[in-house]
Amino acid sequence: QVQLVESGGGLVQPEESLRLSCLASGIAFSRYTMNWYRQAAGMQRELVAAITSGGDTNYGDSVKGRFTISRDNAKKTVYLQMTSLKPEDTAVYYCNAKWQVGVKFNNYWGQGTQVTVSS
């Protein structure tokens, strides 16, 4: 059974930092591209950051320079370090695991963790 379990969300003030974690089980973690998405109330889900199996990273324009994605394959965990948080970063953050080889495509989601940035 595949599980992605996020943790680390919470309420912080603007300009503070927060680190999200996502622990994966049931998948060959090192083979997967791991992603963080977020969805604010009334908005579409958007890609925040991605890290490939080779360690290449990609970020949404709104978080570049403030957020850092990393992975620890031994711990089967992906992290999202968030700094200089803004109220517009408030959203539910979802961990996502993707793997594709040929026509075989695996795509898994966590349950989400709430991040609220407010003074």
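Hi everyone, and thanks for coming. Please keep in mind that this is a predicted model, where local features need pLDDT of at least 70 and side-chain atom pairs count only at pLDDT 80 or more, while totals for chains, interfaces and linings use all residues. Residues are numbered from 1 along each chain as its sequence is written, and side-chain values use heavy atoms, with hydrogens and water left out.

Let's begin with the cysteines. How many disulfides does a search of the whole structure find? There is 1, where a disulfide is a pair of cysteine sulfur atoms within 2.5 Å. The partners are C22 and C95, with their sulfur atoms 2.1 Å apart. This pair links distant parts of the chain: C22 lies in strand β3 (residues 18-25) and C95 in strand β9 (residues 91-101), 73 residues apart. Strands here are DSSP runs of E, at least two residues, and helices are runs of H or I, at least four residues, numbered from the N terminus. The link is left-handed, with -80 degrees about the S-S bond. Are C22 and C95 buried or exposed? Both are buried; that word means under 20% relative accessible area, while exposed means over 50% and partly exposed is in between, using a 1.4 Å probe and protein chains only.

Now to the core. In soluble globular proteins, nonpolar side chains tend to be buried together. In this model, the largest nonpolar core has 29 residues, and M34, W36, V78, L80, M82 and Y93 touch the most other members. By nonpolar core I mean a set of buried Ala, Val, Leu, Ile, Met, Phe, Trp, Tyr and Cys residues joined through side-chain atoms within 4.5 Å. The elements giving two or more residues to this core are β3, β4 (33-39), β5 (46-51), β7 (67-72), β8 (77-82), β9 and β11 (113-117). Which of them gives the largest share? That is β9, with 5 residues.

Take Y93 as an example. Beyond its neighbours within four places in sequence, Y93 is in contact (heavy atoms within 4.5 Å) with a list of residues that includes L20, W36, F67, L80, M82 and V115.

Let's stay with β9 and look at its strand partners. Two strands pair if DSSP finds at least two bridges between them. β9 runs antiparallel to β4, joined by 7 bridges, and T33 has K98 in β9 as its bridge partner. With β11, the antiparallel pairing covers 3 bridges, and A91 is partnered by V115 in β11. Strand β10 (residues 104-109) is also antiparallel to β9, with 6 bridges; there, N96 stands opposite W109. β9 and β10 form a hairpin with 2 residues between them, and G102 in the turn has a positive phi of about 60 degrees.

Strand β1 (residues 3-7) pairs with β3 in the antiparallel sense over 5 bridges, with V5 partnered by L23. β3 and β8 are antiparallel as well, over 6 bridges, and L18 stands opposite M82 in β8.

On to the rings. The whole-structure search finds 4 aromatic pairs. Rings of Phe, Tyr and Trp (its six-membered ring) pair if their centres lie within 6.5 Å; planes under 30 degrees apart count as stacked, over 60 as edge-to-face and the rest as tilted. One of the pairs is Y32 with Y108, which is tilted, at 6.3 Å centre to centre and 40 degrees between the planes. Y32 sits in the loop between β3 and β4 and Y108 in strand β10, 76 residues apart. Y32 counts as buried because its relative accessible area is 5%, whereas Y108, at 26%, is partly exposed. Ring pairs link Y32, W99 and Y108 into a cluster.

The charged end of R45 is over W109, 4.6 Å from the ring centre, and that of R71 is over F29, at 4.7 Å.

Last stop: R31, in the loop between β3 and β4. Why does R31 count as exposed? Because its relative accessibility is 54%. Leaving out residues up to four places away in sequence, R31 touches S53 and W99. Its C-alpha atom is separated by 8.9 Å from that of K98, 67 residues apart along the chain.

Note on methods: A charge sits over a ring if NZ of Lys or CZ of Arg is within 6 Å of the ring centre and within 35 degrees of the ring normal.
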